[in-house]
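Thanks for coming, everyone. I'll take a few local features one after another. Let me put the structure up.

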Amino acid sequence: MRCLLFLSIIFFLTRCKSSESHLNGGFETIDKAHRPVGWVIRGDSSGSYIKQLDSNIKQNGKYSLSIEKAKDGAEFGAFYFPIEKTFEGANITLSGYIKTKDINTGYAGLWARVDDALGNSLILKNMSDGGAKGSTDWKRYVITVPYNSAKAGKLSVGGLLVGDGKAWFDQLEVQVDGKTLKEAKISARPVLKAQTDTFFNASSRINDIKLNYQTTKNLTVTGQFWSFLKYHHPAIARGDYNWDAELFRLLPTIINAQDNNALSEALETFIKKLPTPRKCTNCLEIANKQYFIKPDYGLLFDSGTLNKTLIERLTDVRDNRNIGPNYYVTLAPIGNPDFHNEWNYWQMTYPDAGYRILALYKYWGIINYFFPSRQLIGENWNQVLSSALPEFINAKNEKEYMLAMLKLVSRIKDSHAALYGPNKALLEFKGKFILPLQASFIENKLLILALHSDTLGLKKRLKVGDEIIKINDVTINHLVQKLLPYTSSSNYDTQLRDLSRSLIRSNQDRVKLTINRNGKQFEYSVPTLSSDFGYKDILFEKAEAFKIMDGNIGYVFPGKYKNSMLAEISRTFNSVKGIIIDMRCYPSEFMPFTFGNYIKKSQSPFVHMTQAVIDYPGSFNFIAPIENGFRAYAHDGSPEPFKGNVVVIVNSTSQSQAEYTTMAFQSSANVKVVGSTTAGADGDVSEITLPGGLVTRISGLGIYYPDGTAAQRAGVKIDYKIYPTIKGIKEGRDELMEKALTVINSKY
């Protein structure tokens, strides 16, 4: 989450334009306020870091630029130089000298970020894995980031200090494929109307909407209409229109339409302004193919709602739609949809009514046309559009707008969803502080699993196994029912997982807990910590990457495993009775074709995936299945396959790559899965930016077992289903591990 927060905050910082087209990398050119020209060095609101020129300590010339931690507050301090020009090239290299003093808890480093034309991040590198620490003399550092000339719109470079201490920076230089900025060739890409139409950037000019039956229907159909054209009309796909702005030109007539006929006339007048699509010679052929999921157009082709002539025009667009690249959506290399050209209007913390409708339409359209598990949502997505309208239109402030969006993304039932980013209302909703404990729902009761701090004698008052029955005098059941609609998870087990983490967050420095211990109740006011403390998992804290357990059984914890360990693991586990893989974590490395090949003696498919068809929006089809397993002919140094039995332990913590990896492992006949329902969120993540600086995600690929069973929402297949019990928690037992040991010893 720290990397996500850094990326989001740097996004806010880099909205300014540079006054210089070259890099003042030695900080020698200064303005009247004694600031280095072109560099943005303003402080954070908390005053945590001091950034200033230093004429005493420098690597060369008259000045260096320093960052020093002054007080608690922000996690890092950064400065940057924004470069608005785009270049022809494949790589950007940033180099510079850094000197440090007393950096004990973080690092100092260079950072470079490439954005697209709308300000969305394409790539960010910040030296989090190799920055300067401790006290060091001047040393030159170099970072390189890939540069996509076809997509890049802006480059930002700079330095940062994470944590404590002080750092100095000097002689920063940027090169494009080995050439200086002055030598690099400037890109001559044409600027699209989608990027230059800024008429509505400050406001939609739509502030007050009174909902009634007809207005609700008007806005529902318009959302379907606007989304359909966005992904189908060739002119829009080329970027000839800022489609957000076009919505604001359309909405006033839609809001005032008194009946279906007036609605049709308004929509038809609007569509007439678009160029007539050229004849598509293979659109019908593409549409007539077999698909796993076909498009749903809602009311757009319903003659009971829209006029015949409008339907004819929509039919013409559908049958002569865009084929090929689309400005508003592409497929990432792995196959999931990429929406990088969506503007997020971060400055509108509380968007006006028009922009709130835009947010709803944007998200609804993406799900309708590009969410591969749309059929698993559990409710009609067209009805979701109409039912969500009142909350978006009537939202009276930043918090109500954020909650409307959070509730909407929760309705797709995807544990990858939720909201992210440094949105103030979102951070306050989550809570600025956290209780120093780990809790989980066991037998539908919220139990303490671990105590992380002994602040004010915490461990003398609370015990593992204590049940939390109230928080600040509100029952846990009431809190659960209140938060469930805003908890974006694929299934109920994962909702409870997320709720157990949400409930220990607060905006107060002390939280009153009502505890039930063996039938006796008492209250205790628990001091909280900053949310920077983060969520701690006692299993992860104690786990080893691999070891041999009592009974001569191998143990692997993917959260700390590295593929470089595989050869040693193979030697160490040469004569063990079996292996337990504890997948109650997120794997630190990709294992399906490394460790997966080690425990699977022959090749076979382990997953089938569905992918969006850009040429036929709203449709999804299976792509070629993926195989893993030992390959005797590979001669790549892979260890001989393990011949014993293997058990994988899972629970609701097992999500995404953990689930995908489990599927890869369990495709081997010698592997069984023990545990409880997993998170049910698989497939590479696609990010969605929304008005107000909100960020959400979807599982961008449909994940299925080779027999067609969906893994999304349901989670992985489990051979032995078992949950922890209250009795087991109080006794300090790991009942899932006990079951795994039983299965291994049974020689299944």
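Helix 3 is mostly covered, with 18 of its 20 residues buried. Keep in mind that this is a predicted model. Helix 3 runs over residues 213-232. From its first C-alpha to its last it reaches 29 Å, close to the 28 Å expected at 1.5 Å a residue. What sits at the start of helix 3? There, a side-chain oxygen of Asn-212 comes to within 3.1 Å of the backbone nitrogen of Gln-214.

Step back to the loop between helix 2 (193-196) and helix 3, and you find Arg-205. Arg-205 is not a glycine, yet its phi is positive, near 65°.

Met-127 is another residue to check for its backbone. Its phi is positive too, about 60°, although Met-127 is not a glycine. Where is Met-127 found? In the loop between strand 5 (121-125) and strand 6 (132-146). Buried or exposed? Met-127 has 6% relative accessibility, and the cut-off for buried is under 20%, so Met-127 counts as buried.

Next, the cysteines. How many disulfides does the count come to? One. The disulfide joins Cys-280 to Cys-283, with S to S at 2.1 Å. The torsion about the S-S bond is about 95°, so this disulfide is right-handed. Both ends are covered. Cys-280 is buried at a relative accessible area of 13%. Cys-283 is buried as well, at 0% relative accessibility.

Which element gives the largest share of the lining? Helix 15, with six residues. Helix 15 covers 492-502. Several other elements supply at least two residues each. Among them are two strands, strand 13 (437-442) and strand 14 (445-451). Strand 21 (546-549) is on that list too, along with helix 16 (538-542).

Definitions and conventions: Residues numbered from 1 in each chain as written. Predicted model: local features only at pLDDT ≥ 70, side-chain atom pairs only at ≥ 80, totals over all residues. Heavy atoms only, no water. Helix = DSSP H or I, 4+ residues; strand = E, 2+ residues; numbered from the N terminus. Expected span 1.5 Å × (residues − 1). Buried < 20%, exposed > 50% of the residue type's maximum accessible area, 1.4 Å probe, protein only. Polar contact = N/O pair within 3.5 Å; in protein donor to acceptor, adjacent residues only side chain to side chain. Disulfide = S-S within 2.5 Å.
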